[in-house]
Amino acid sequence: MPWWLWELLRSFKFLSASGQEGFWRSKRIYELVIPLVISASSAAVYVKWPAFFQTDLLSKFSASLFQFMVFVVPFHLAALAAIATFARSNMDKPLRGADVSIRVWDNADSQYFYKSLTLRQYTCLLFGYLCSIGLTFIVIFVLLSGLNLEWLLGDWVGPAKQLTFFLLMFFLAHYATLTVYAITFLFDKVNGIDEK
């Protein structure tokens, strides 16, 4: 992978951050399980009962999602800037309750090692990831909005609409779940609400 692409995709490292607990007690529930359940259930209803939905559902849904992203990405960018520059000593301490680490390259030893993250590093990764996927959605929407996809896809337009609905639902559920996770994470970890 070219170095410049690696740099552009760096914020996606949040997905590789993992703790010591198993899959069912990890952040993978917020990243994958909840969004998959929501999107699969919604897609099943969409495929089984298409008459239940408006004929222009995808265009309205994607346009509404675009407006939501335009609104929420700046919020996440502001949160990222605030967390990155916030002068509070407990932000640079290890995460309480879990040792979360990511794989990092060591130039001196020419090998990877696992680095434990501080509260600030983990939170910055989280908000950086949310900003990145939000901006990616906005760019893809802008690029595709002017295309005649029904003409381009031809006979594949039906399955493509079903897949698009599933992907839009997954993206919305993924983004919303991680946003709620980010907010509650900040309340819990930064302010220590649940501490004695």
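Contact here means heavy atoms within 4.5 Å. By that criterion, L130 touches H76, Y175, L178, T179 and A182, leaving aside residues up to four places away in sequence. The model is a predicted one: local features need pLDDT of at least 70, side-chain atom pairs count only at pLDDT 80 or more, and totals for chains, interfaces and linings use all residues. Residues are numbered from 1 along each chain as its sequence is written, and side-chain values use heavy atoms, with hydrogens and water left out.

The protein chain has six helices and two strands. Helices (H or I, at least four residues) and strands (E, at least two) are DSSP runs, numbered from the N terminus. The order from the N terminus is α-α-α-β-β-α-α-α. Along the principal axes, the C-alpha atoms of the protein chain fill a box of roughly 55 × 45 × 30 Å. Of its 196 residues, 36% count as buried. Buried means under 20% relative accessible area, exposed over 50%, and partly exposed in between (1.4 Å probe, protein chains only). Among contacts with a separation of 6 or more, 74% join residues 24 or more positions apart.

The largest nonpolar core holds 42 residues, of which F14, M69, Y122, L130 and Y175 touch the most other members. Helices α2, α3, α4 and α6 and strand β1 (101-106) each supply at least two residues of this core. Its largest share, eleven residues, comes from α4. A nonpolar core is a set of buried Ala, Val, Leu, Ile, Met, Phe, Trp, Tyr and Cys residues joined through side-chain atoms within 4.5 Å.

Pockets were located on a 1 Å grid over the protein atoms alone; a pocket is an open set of points where a 1.4 Å probe fits, with protein on both sides within 12 Å along at least five of seven lines, and lining residues have an atom within 4 Å of a point. Grid points are joined across faces, edges and corners, and a volume is the space filled by probe spheres set on the points. Helices α2, α3 (57-85), α4 (119-144), α5 (149-153) and α6 (157-191) each supply at least two lining residues. The most come from α6, with nine. By class, this lining has 20 nonpolar, eight polar and five charged residues. Ala, Val, Leu, Ile, Met, Phe, Trp, Tyr, Cys and Pro count as nonpolar, Asp, Glu, Lys and Arg as charged, and the others, Gly among them, as polar.

The second largest pocket has a volume of about 510 Å³. It is lined by 24 residues, with E21, R25, K27, A98 and Y181 the closest to its centre. Helix α6 gives the largest share of that lining, seven residues. The lining has ten nonpolar, seven polar and seven charged residues.

T164 is found in α6. With a relative accessible area of 35%, T164 is partly exposed. A polar atom of its side chain lies 2.6 Å from the backbone oxygen of A160. T164 and L58 are 106 residues apart in sequence, yet 7.8 Å apart in space, C-alpha to C-alpha.

S42 is found in α2 (residues 28-48). S42 counts as buried because its relative accessibility is 18%. Its side chain has a polar atom 2.8 Å from the backbone oxygen of I38. S42 also touches F165 and M169, not counting residues up to four places away in sequence.

Definitions and conventions: A polar contact is a pair of N or O atoms within 3.5 Å; within protein, one must be able to donate a hydrogen and the other to accept it, and residues adjacent in sequence count only if both atoms are side-chain atoms.
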